[in-house]
Amino acid sequence: MTTVLAGDRPPLPADPSLISLAYQHEHLLQAYEFDDTLERWAVTARIDADTLADDTAARGDVDQETDAIEDVAVGRMSFLRVRMFGSDSPFHAMDSYTGDVSRIGERVLDVARGEFTRDFEEVLAHPVGDLLVMDRVILEPGWRGFGLGPVLAGAAIRRLSPDCTAVLCEPGSADGRKMTEEQHRDAAAKLARMWSTIGFEPFQHGVHFLDCHLQRPLDLLAERQQEFSALCRSWSGHN
């Protein structure tokens, strides 16, 4: 399940052009359970304190003590790479993680054959390769409402999807708020529209996919990156 938390649109906390993405993946040298089949990637979006201090000094902001500047958290994402040709069942690996990921596996994997379902194969340009599951995308409150979710997720997908045939997600609210069924449906529909701006398409029962072998996701990401560049120019012009 993926979510970009909703909120008001306050001024940006800092120069968005300074945002960097850090990727973390750890595993035991001796594989444990499904470690050879399911790779867990944590991606952090932040502005490094040293980078922010250098930028503050370059702009001559004498009202801020550079020694007191700390990292600025922008957001966090989690991805799972599912290896289709390992020693374990890819579905059992997904089923061992969370119910959200298990539901995605049920829609795209034939448990008996240990391969993609026929329906999923038919919607892919080249149905050979691993899967990448976009599990969570969460922005910090001050960074919501500026269109950063798709550009951050798209950039991470570019780094994590080589040799993958598709990226999967299940748009939905995951911020812990109590919501009615109608509110859940509205949130899922809104998020689905947002993820479509980087190439995700509906598949079955709430699961969406991005075909890694198509040019369209690359073109859409380039558009989002242009919008991000415009956001950076706008921030610079006002500061």
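Predicted model: local features only at pLDDT ≥ 70, side-chain atom pairs only at ≥ 80, totals over all residues.
Residues are numbered from 1 along each chain as its sequence is written, and side-chain values use heavy atoms, with hydrogens and water left out.

Let's start with the overall picture. The protein has seven helices and nine strands; those are DSSP runs, H or I of at least four residues for helices and E of at least two for strands, numbered from the N terminus. Of its 239 residues, 43% count as buried. By buried I mean under 20% relative accessible area, with exposed being over 50% and partly exposed in between, using a 1.4 Å probe and protein chains only. Now contacts, meaning heavy atoms within 4.5 Å: take those between residues at least 6 apart in sequence, and 75% of them join residues at least 24 apart.

On to α5, residues 148–160.

What does α5 meet in α7? Leu 148, Pro 150, Val 151, Gly 154, Ala 155 and Arg 158 of α5 meet Leu 218, Leu 221, Arg 224, Gln 225, Phe 228 and Leu 231 of α7.

Now the two residues I picked out. Is Asp 211 buried or exposed? Asp 211 is buried, at a relative accessible area of 3%, and it belongs to strand β9, residues 207–211. Leaving aside residues up to four places away in sequence, Asp 211 touches Val 123, Leu 124, Ala 125, Thr 165 and Pro 217. Gly 199 is 12 residues from Asp 211 in sequence, and 7.7 Å away in space, C-alpha to C-alpha.

Then there's Arg 185, over in helix α6, residues 181–196. Arg 185 is exposed, with a relative accessible area of 52%. Pro 171 sits 14 residues from Arg 185 in sequence and 9.8 Å from it in space, again C-alpha to C-alpha.

That's my tour, thanks.
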